[in-house]
Amino acid sequence: MNITPVDQTETWQDLLDHASTLSDVTIADHFAGDADRANQLTHEAAGLYVDFSKNRLTTETLDMLIALAGEVGLVGHRDAMFEGRRINQTENRAVLHTALRRPRNDVVAVEAVIDDEGATTTSDADENVIDDVHQVLNQMGDFADQVRRGTWVGATGKSIEAVVNIGIGGSDLGPMMAHRALRPFSRPPHSDREIDVRFVSNIDPADVFETLQGLDPETTLFTVVSKTFGTIETLTNARSARQWLLDGLTEATGEVPDGAVARHFVAVSTNAERVAEFGIDTANMFRFWDWVGGRYSVGSAVGLSLMIAIGPDGFRDFLGGMHEMDEHFRHAPLAENLPALMGLVSVWYSNFLEAETQAILPYSDHLSRFPAYLQQLEMESNGKGVDRLGRTVKFDTCPVVWGEPGTNGQHAFYQLIHQGTRTVPADFIGFVHPSDAVGNHHDLLMANFFAQTEALAFGRDHADPQRRFSGNRPTTTIMADRLDPRTLGRLIALYEHKTFTMGVIWGINSFDQFGVELGKEMATAIEPELTSDSPLAHDPSTNRAIAHYRSRR
């Protein structure tokens, strides 16, 4: 563990000085002074092409950032994660989402915790977690095949036509984003039968109400995803879905068939007792582990709905892409390591060029939820102001992550990116081949992709200042051949390890999320107050707002 805060290191101070020397040097100047810049700052690995050359940095900048990574021990932290060490020290947990995609013959054990007398105090120590991972993957595959073949039937004997995933946070964003990204792989010619997969997360009744519209209770299956089976949003939605199911089956058959809930609900959880109380057969409970954080869990049983949509083989390709990027991050030197370089470049903008946001701009409509997925990944992981030793950090940590697919964004916020007063580093993500070919749409889309990064970097002079584009707006270009399960897995792992890199540099724990708890705890106390006349003991503003709500119910 690093004792010295990163901003007190010699390299951090050198980077501050270096940033000041580059303050008047533009991206165009960098290209003018180095004919080989594009080659030097473009790397290819694990099927991805990543071009850093349109950023406000030099090879010297990257060398200094790599030296900073050396000072804080990035390689050691990385190795500790892959080895099953308990690097999530605030929760005393290992961080092993990478084990979800490792081959069956690998061996990974969780680090033991030893008490003062030398005894092991943890039951999971020294067990090969890969055995459990593949046991659950096999269970998922068997179940997904039954649903896809139509041999898993509902309470009235009809095959399943629709699957509704009920979860929130990582139990929703991951599978929902991936299903949207891989929608073409859930229908012919990639699949014999398309299952209608939908997602419910928000406790707002509109979410569950609208999601269930048009579905037939006799042919609908629900996957309830909650590690503890106690998440209030998820359980509230699950209970409403259960009532919808029972009402619908009663209307269709005149009674509630035996085992109705057990035939129409499965669970992704670790709490067998609560799952059984809900009415779900624990034989249809798919496990995951406390060494998988929610926002890192799409490759676990949390992705069951995705596996049903794209099939077990497609899901294995998805995991295979993740593993390829894991291996690249684990073994490539930092100077050629895509996730490490992306993390270091983000640190450069956040801490030395005072950029407050990071735009994610996928030129693929299928990746429309990818920016939202990365919001949780990066901001829940690194949105912290206290380091691993409990000290308040004296520098900025996570930027605000946001974005939309091109070309929609071009007609919305690109005005600010091109001519606004803020520095907005942007990742442009594009593909050589379209998921769905229609005329010349894809070439036109990609023409915009290339034009925007060029225009942002180099701008355009004009006598009229209103029409002048200053350029010097930083972008990173990421390309792959096509958006398929393996490529999506690579992209997800790329950003996971980027996020890890930033957390190590800043000295923070990227794997807890206590910041999500306080508001939810307070909401639990407030909820019964909304339907009573009890005295209110909140601050004056909250008291007045609750009273206003009460008076108009």
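Me: Which residue in β2 stands opposite threonine 42?
Reply: This is a predicted model, so keep in mind that everything here is computed from it. β1 and β2 run antiparallel, with four bridges joining them. As for threonine 42, the residue opposite in β2 is aspartate 51.

Me: What is the phi of alanine 46, in the turn between β1 and β2?
Reply: β1 covers 42-45 and β2 covers residues 48-51. The two form a hairpin with two residues between them. Alanine 46 sits in that turn, and its phi is positive, about 50°.

Me: Which strands stand at the edges of the open sheet, and why is one side of each left without a neighbour?
Reply: The sheet has six strands with mixed pairing, in the order β1-β2-β11-β10-β8-β9. Each edge strand has a single partner strand, so one side of it has no neighbour in the sheet. The edge strands are β1 and β9.

Me: What is the average twist from one strand to the next?
Reply: We're still on the open sheet, where six strands are set out in the order β1-β2-β11-β10-β8-β9. Going from one strand to the next, the twist averages 15°.

Me: Which helix packs on the sheet, touching β10 and β11?
Reply: Look at β10 (426-431) and β11 (475-480), which are both touched by this helix. The helix spans residues 441-458, and its direction makes about 155° with that of β10. That's helix α16.

Me: At what angle do the axes of α14 and α17 cross?
Reply: Two packed helices are described by the angle between their axes and the distance between the axes. For α14 (residues 370-382) and α17 (residues 485-506), the axes come within 10 Å. The crossing angle makes α14 roughly parallel to α17. That angle is roughly 25°.

Me: How many nonpolar residues does the contact of α14 with α17 have?
Reply: On the α14 side, the residues include Phe370, Leu374 and Leu377. They belong to a contact with α17 residues, among them Ile492, Met502 and Trp506. By class, this contact has three charged residues, four polar ones, and a nonpolar count of nine.

Me: Is the crossing of α7 and α14 left-handed or right-handed?
Reply: α7 (residues 170-181) packs with α14 at about 145°, and the axes are 9 Å apart. Gly170, Leu173, Gly174 and Met177 in α7 meet Phe370, Ala372, Tyr373 and Gln376 in α14. While α14 and α17 cross in a right-handed way, the crossing of α7 and α14 is left-handed.

Me: What is the omega of the peptide bond from proline 188 to proline 189?
Reply: Proline 189 lies in the loop between α7 and β4. The bond from proline 188 is cis, with omega near 10°.

Me: Where does threonine 407 lie?
Reply: The peptide bond from glycine 406 to threonine 407 is cis. Threonine 407 is in a loop, the one between β9 and α15.

Me: What radius of gyration does the protein chain have?
Reply: The chain has 19 helices and eleven strands, and its C-alpha trace spans about 80 × 70 × 60 Å along the principal axes. With 553 residues, a compact globule would have a radius of gyration near 24 Å. The value for this chain agrees with that: 25 Å.

How values were computed. Residues numbered from 1 in each chain as written. Predicted model: local features only at pLDDT ≥ 70, side-chain atom pairs only at ≥ 80, totals over all residues. Heavy atoms only, no water. Pairing = 2+ DSSP bridges. Axes fitted to C-alpha atoms, helices over the stretch in contact; angles between N-to-C directions. Contact = heavy atoms within 4.5 Å. Parallel < 35°, antiparallel > 145°, perpendicular 65-115°, else oblique. Left-handed = near helix turned anticlockwise from the far one by under 90°. Nonpolar A, V, L, I, M, F, W, Y, C, P; charged D, E, K, R; others polar. Rg over C-alpha atoms; globule rule 2.2 N^0.38 Å.
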